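Subject: Structure handover and findings

Dear colleague,

Please find below the structure that I am handing over to you.

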Amino acid sequence: MAITATDLDGTLLLNDTTVSKENLEAIKRLSQKGIETVVVTGRGLYEIPQELLDFDSIEYFIFSNGAGIYKRGSGVVFHSEINKKTAKRVVELLGNYEVFIELYINGTPTVDKNKFSEEVFDYYRIDRDFYPELKRSRKPVDNFEALLTGNFDGLEMFDLFFRNQEERSACAQAFDRYFPELEYTTSMTNNLEAMNAGINKGSGLKRLCQTENIDINDIYALGDSKNDLAMFEAVENCFAAANACEELKKISKGIACSNDENIMCFMEDFYKKQGIL
């Protein structure tokens, strides 16, 4: 039986970062007929909309680009933490750039309270459509500088927003040169997301299949951005949202509707047409 593995932002979620009633109902109908849905996201666990975390038609959540896996009823069943010495070296590198740093710690994006304002978001050219989500899900802390000096317990991912593209490119090149123990991806025009090497959405999906005895050939993946490339490369069946980046469309097996057109309803129709449902 098929399983839908879906990204959140730009895929399952609407442009206002909410999940539509139509998508929720489609997920429930599919689940009742044996087709489960797995969330695969770059978001931290506690950044995922609560209505999805509470929705009993979804059992598995792969979060922070594969750095963690959550199973309903069992909690976090896998977690990959960045080595503290490596994290400290990354922070030293970031001192060379104008960058807004988010530390994803145990599923929660943690930020500097002193830099948590719309003025700062504007300065780092963060998409204004993302402001409500930043305010909802980030954890501003007073002692952020103390975190950056070495208290990296539970750190699974760096999410970095750059003021200019030249520095973003330079930082990516520095990661390539000096940090073979890390890999990075991106989901926005001005960010980098860095995790342990071998940690990505594709490896997270493979790990879930191995531990839960799921045939990866039963997976149908949905996504829209570059951090979905590894997931698309890991599965045979993958569909880019109509609003997806060109890199993803090039390797997809087909194009779905846009994220504002209820993509799970699209998949429900697809499964019916293919005789899967």
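Helix axes are lines fitted to C-alpha atoms over the stretch in contact, and an angle between two of them runs from 0 to 180 degrees between N-to-C directions. On that basis, helix H2 (residues 21-32) and helix H12 (residues 263-273) cross at roughly 35 degrees, and their axes come within 7 Å. Please bear in mind throughout that this is a predicted model.

The contact between these two helices can be given residue by residue. H2 contributes Glu22, Asn23, Ala26, Ile27, Arg29 and Leu30, which meet Ile263, Met264, Cys265, Glu268 and Tyr271 of H12. Sorted by class, the contact of H2 with H12 comprises seven nonpolar, one polar and three charged residues.

At the E5 end, strand E4 (residues 68-71) pairs with strand E5 (residues 75-79) in the antiparallel sense over four bridges. Gly68 has His79 in E5 as its bridge partner, and Lys71 has Gly75. The two strands form a hairpin with three residues between them, and Gly73 in the turn has a positive phi of about 90 degrees.

The six-stranded sheet

A further open sheet has six strands in the order E8-E7-E6-E9-E11-E10, again with mixed pairing. Strand E8 (139-141) and strand E10 (182-185) are the edge strands, each pairing on one side only. From one strand to the next, the twist averages 30 degrees.

Within this sheet, E6 and strand E9 (residues 155-162) run antiparallel and are joined by seven bridges. Ile101 stands opposite Leu160 in E9. H4 lies across E6, E9 and E10, running at about 5 degrees to E9. Helix H8 (residues 165-178) packs on the sheet as well, where it touches E9, E10 and E11, and its direction makes about 15 degrees with that of E11.

E10 and E11 are likewise antiparallel, with four bridges between them. Glu183 has Met195 in E11 as its bridge partner. These two strands form a hairpin with five residues between them.

Aromatic pairs

How many aromatic pairs are there? With ring centres required to lie within 6.5 Å, the count comes to 14 aromatic pairs. One of them joins Tyr97 and Phe162: the ring centres are 6.2 Å apart and the planes stand at 70 degrees, so the pair is edge-to-face. Tyr97 is in the loop between H4 and E6 while Phe162 is in strand E9, and the pair thus links distant parts of the chain, 65 residues apart.

The largest pocket holds about 780 Å³ of space. It is lined by 34 residues, of which Asp9, Gly10, Ser187, Met188 and Asp224 are the closest to its centre. Helix H1 (8-12) and strand E11 (191-196) are the elements that give two or more residues to this lining. By class, the lining of the largest pocket has seven nonpolar, 14 polar and 13 charged residues.

The second largest pocket has a volume of about 200 Å³. Its lining includes Tyr97 and Ile101, together with Val91, Leu94, Gly95, Val99, Phe100, Asp112, Lys115, Phe144, Glu145 and Leu148. At least two lining residues come from each of helix H4 (84-94), strand E6 (99-105) and helix H7 (144-148). In this lining, eight residues are nonpolar, one is polar and three are charged.

Yours sincerely

Key. Residues are numbered from 1 along each chain as its sequence is written. This is a predicted model: local features need pLDDT of at least 70, side-chain atom pairs count only at pLDDT 80 or more; totals for chains, interfaces and linings use all residues. Side-chain values use heavy atoms; hydrogens and water are left out. On a 1 Å grid over the protein atoms alone, a cavity is a set of points where a 1.4 Å probe fits but cannot get out, and a pocket is an open set with protein on both sides within 12 Å along at least five of seven lines; lining residues have an atom within 4 Å of a point. Grid points are joined across faces, edges and corners, and a volume is the space filled by probe spheres set on the points. Ala, Val, Leu, Ile, Met, Phe, Trp, Tyr, Cys and Pro count as nonpolar, Asp, Glu, Lys and Arg as charged, and the others, Gly among them, as polar. Two strands pair if DSSP finds at least two bridges between them. Contact means heavy atoms within 4.5 Å. Rings of Phe, Tyr and Trp (its six-membered ring) pair if their centres lie within 6.5 Å; planes under 30 degrees apart count as stacked, over 60 as edge-to-face and the rest as tilted.
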